[in-house]
Amino acid sequence: MARPKEFEREDALRRAIGVFSDHGFEGASTEALLGAMGISRQSMYDTFGDKWRLYLECLQRYVADSIGGQIRALNTGASPLKGLEAHLNQAVAAAIAAPVPQCLGVSAICEFGRSSPEIAMIGETASRTIAAALERRISEAKAAGEVAEEVNALEAAHFIIATLTGIKVAARAGAAAEELRGIARMALRSLR
């Protein structure tokens, strides 16, 4: 009879995301992962496969949760522009709240670039999804007269994505909260 798993899979996955976010794929030892996850080596292999499969699952979960949160923030606010502001402010708030700001998505891009087709596919899917949501919201803001008519919605969406990445990297480099807020304010001003 098979022995039942003695750990909560979702909790173990969340803890592995933390380790990979802090150390990247190469820097995260299997021992560190097992310790953080509170599981045995055999349980890791039985449940997640090898370290690479665990990393990919962590990245997919992290990106899905991140994109979901971003889209929710975009859809808040009394107007499309307020939704864009909420989206940027959410990124700033998350960066300020974390003792050591981290983003598994940005870390994966920095570590692998386009050398891994699996990571590239996760990144491309996430980028297309958030770009489409931003483009829609920016177009709505243009229609409402909140964004300048000459602003190209797709270009602006890509600019906001780059701004969000910059906020995450600046936070990790130690930027002060007011610097991060200033970046978000400047991005919004660029749309008017």
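Is R181 buried, partly exposed or exposed, and what is its relative accessibility? At 37% relative accessibility, R181 counts as partly exposed, where buried means under 20% relative accessible area, exposed over 50%, and partly exposed in between, computed with a 1.4 Å probe on protein chains only. The structure is a predicted model, in which local features need pLDDT of at least 70 and side-chain atom pairs count only at pLDDT 80 or more, while totals for chains, interfaces and linings use all residues. Residues are numbered from 1 along each chain as its sequence is written, and side-chain values use heavy atoms, with hydrogens and water left out.

The side chain of R181 meets that of E178 in a salt bridge at 3.5 Å, N to O, a salt bridge being a side-chain nitrogen of Lys or Arg within 4 Å of a carboxyl oxygen of Asp or Glu. Because R181 and E178 are 3 residues apart in helix α9 (residues 177-189), about one helical turn separates them; helices (H or I, at least four residues) and strands (E, at least two) are DSSP runs numbered from the N terminus. E178 also forms a salt bridge with R185, at 2.7 Å from N to O. Both E178, with a relative accessible area of 44%, and R185, at 39%, are partly exposed.

By this rule the count of salt bridges comes to 12. Another of them joins E118 to R53, with the closest N and O atoms 3.1 Å apart, and this pair links distant parts of the chain, E118 lying in helix α7 and R53 in helix α4, 65 residues apart. E118 is partly exposed at 29%, as is R53 at 40% relative accessibility.

A search of the whole structure finds 8 aromatic pairs, defined as rings of Phe, Tyr and Trp (its six-membered ring) with centres within 6.5 Å, counted as stacked if the planes are under 30 degrees apart, edge-to-face if over 60, and tilted otherwise. F25 and W52 form an edge-to-face pair, with 5.2 Å between centres and 90 degrees between planes; since F25 lies in helix α1 (residues 9-27) and W52 in helix α4, the pair ties together parts that are 27 residues apart in sequence. W52 also pairs edge-to-face with F112, at 5.5 Å centre to centre and 70 degrees between the planes, which links helix α4 to helix α6 across 60 residues. W52, at 18% relative accessibility, counts as buried, and F112 is buried with a relative accessible area of 15%. Ring pairs link F20, F25, W52, Y55 and F112 into a cluster.

About 570 Å³ of space lies in the largest pocket, a pocket being, on a 1 Å grid over the protein atoms alone, an open set of points where a 1.4 Å probe fits, with protein on both sides within 12 Å along at least five of seven lines, and lining residues having an atom within 4 Å of a point. This pocket is lined by 26 residues, of which G105, I109, G123, A126 and S127 lie nearest its centre. The largest share of the lining, 8 residues, comes from α7.

Note on methods. Points joined across faces, edges and corners; volume = space filled by probe spheres on them.
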